[in-house]
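This report considers how side chains pair with one another in a protein chain.

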Amino acid sequence: MVNIAVLGFGVVGSGVVELCESNADKISAAAGNDVYVKYILDLRDFPDSPYKDRIVKDFEVILNDPEVSLIVECLGGSHPAYDFSLAALKKGKSVVSSNKETVAKFGHELLKTARENGVYYLFEASVGGGTPVIRPLSKCLAANRVEEVCGILNGTTNYILTMMNKYSESFATALASAQEKGYAERDPSDDINGVDTCRKICILTDIVTGKFCDPAKVDTTGITAIRPEDVKTVEKWGGAIKLLGRCTLVGDKYAVMVSPFVVSADRMIASVDNVFNAVAFKCDAAGDVTLCGRGAGKLPTASAMVSDVIDAVSGKAYRADWSTPEESREDDFVSPDDVADRFLIAFDNGADALARVNAEFGEVRVIDDATALYVMTEQITGADAKKHIANLEKLGLKSQTALRVLL
Ligand code: HSE
């Protein structure tokens, strides 16, 4: 039997414990050994829980118990998650994590420590929740050069955008309901400001490029400026607004960005709604591959974590590896300003607005002119889009929204 400890008895941690009990036979057959949750670390008391006897408040109890060979970290935040993970790996205990913040910031070091100590640091649940993403990318697509990754990587914002689009709900009502369902982060500003998506696209970028992609350096815009009229205009045009993490090849380097995009209905990910996540890979051999599933929630996330437990116990896990911040160079990545796309831009409407927009951008397509002048540009770089918008602003024509378009 393999004894494990679960750090954090919140939504995800309790899901891991529940799944280990309810699907014990299935897990044992896949892992080649029985898996038993010996300890649960949490500072709170759970007097009514059937697992109350396994709860400990002191991490040292787990760290110093030689019977515990694996730790499932569901703490969230960098500290003490990083510190506990590092200590466990140094003690020769494998660590399984759903903690995107810790993986994005410290994954390079934790992976190195795991390798040095002959154990695993695994994090399937950190991207895509219950949707397998890390393993398919690292293993099944390993023979490919991945040219682009486009992902709906945050369930909370996808849920909010869906509710605004389909049920005309306000932003605040939709956010409150996502929090109630346990999808949102403790601080939901990380969801709506794109920070959570940023951490996840950084992890995928680390794997694709083998280079550390620093979340602090990624151009990140969330969904707080998206207005109901933007959502409705895009739906009428034939698409949906989605918050995407995107890592795309420009020449021989990658650009990484997080922002709301207009996604044409022709793309599979345009119809991925509610709490679902989807990641579309463009690969040189496999072509287009899209993975889709539940991106947040108790049992979906537990499913991904327990799959890592099974891989670690059976000794068949994949070891990711990417550069450290010290090995990184300023020019490892290029700016999103260098990436060319069409843009959907809303301008204040007025008698000569279209003529002025056409004079600045060259011919644009008018998408709607009811509430504002919504136009779609030809393919231009992010730098050119900014320059044209600034020129028009100087002439007194204000823009309201500017979004990249994926056709
Ligand atoms: N807050 C995250 C989301 C949880 O909404 O997707 C899963 O990482």
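## Side-chain pairs in the model

D384 counts as partly exposed, since its relative accessibility is 29%. The model described here is predicted. The side chain of D384 meets that of K387 in a salt bridge, with 3.6 Å from N to O. Both residues belong to helix α14 (residues 382-394), where D384 and K387 are 3 residues apart, about one turn of the helix. K387 is likewise partly exposed, at a relative accessible area of 44%.

Side chains of opposite charge can pair when their charged atoms come close. D45 is exposed, with a relative accessible area of 60%, whereas K57 is partly exposed, with 43%.

Another salt bridge is formed by D352 and R356. D352 is partly exposed, with a relative accessible area of 40%, and R356 is partly exposed, with 25%.

| Salt bridge | Closest N and O atoms |
|---|---|
| D352 and R356 | 3.4 Å |

A search of the whole structure finds 8 aromatic pairs. In one of them, the ring centres of F9 and F46 are 5.0 Å apart and the planes stand at 85°; because an angle over 60 degrees counts as edge-to-face, the pair is classed in that way. F9 lies in the loop between β1 (2-7) and α1 (11-22), while F46 lies in the loop between β2 (35-41) and β3 (55-56), so the pair ties together parts that are 37 residues apart in sequence. F9 counts as buried, at 9% relative accessibility.

The rings of F59 and F84 have their centres 4.0 Å apart and their planes at 15°, so this pair is stacked. F59 is part of helix α3 (residues 59-63) and F84 is part of helix α4 (residues 81-90); the pair therefore ties together parts that are 25 residues apart in sequence. With 5% relative accessibility, F59 counts as buried.

Finally, ring pairs link F9 and F46 with Y51 into a cluster.

Note on methods: Residues numbered from 1 in each chain as written. Predicted model: local features only at pLDDT ≥ 70, side-chain atom pairs only at ≥ 80, totals over all residues. Heavy atoms only, no water. Phe/Tyr/Trp six-rings, centres within 6.5 Å; stacked < 30°, edge-to-face > 60°. Helix = DSSP H or I, 4+ residues; strand = E, 2+ residues; numbered from the N terminus. Buried < 20%, exposed > 50% of the residue type's maximum accessible area, 1.4 Å probe, protein only. Salt bridge = Lys/Arg side-chain N within 4 Å of Asp/Glu carboxyl O.
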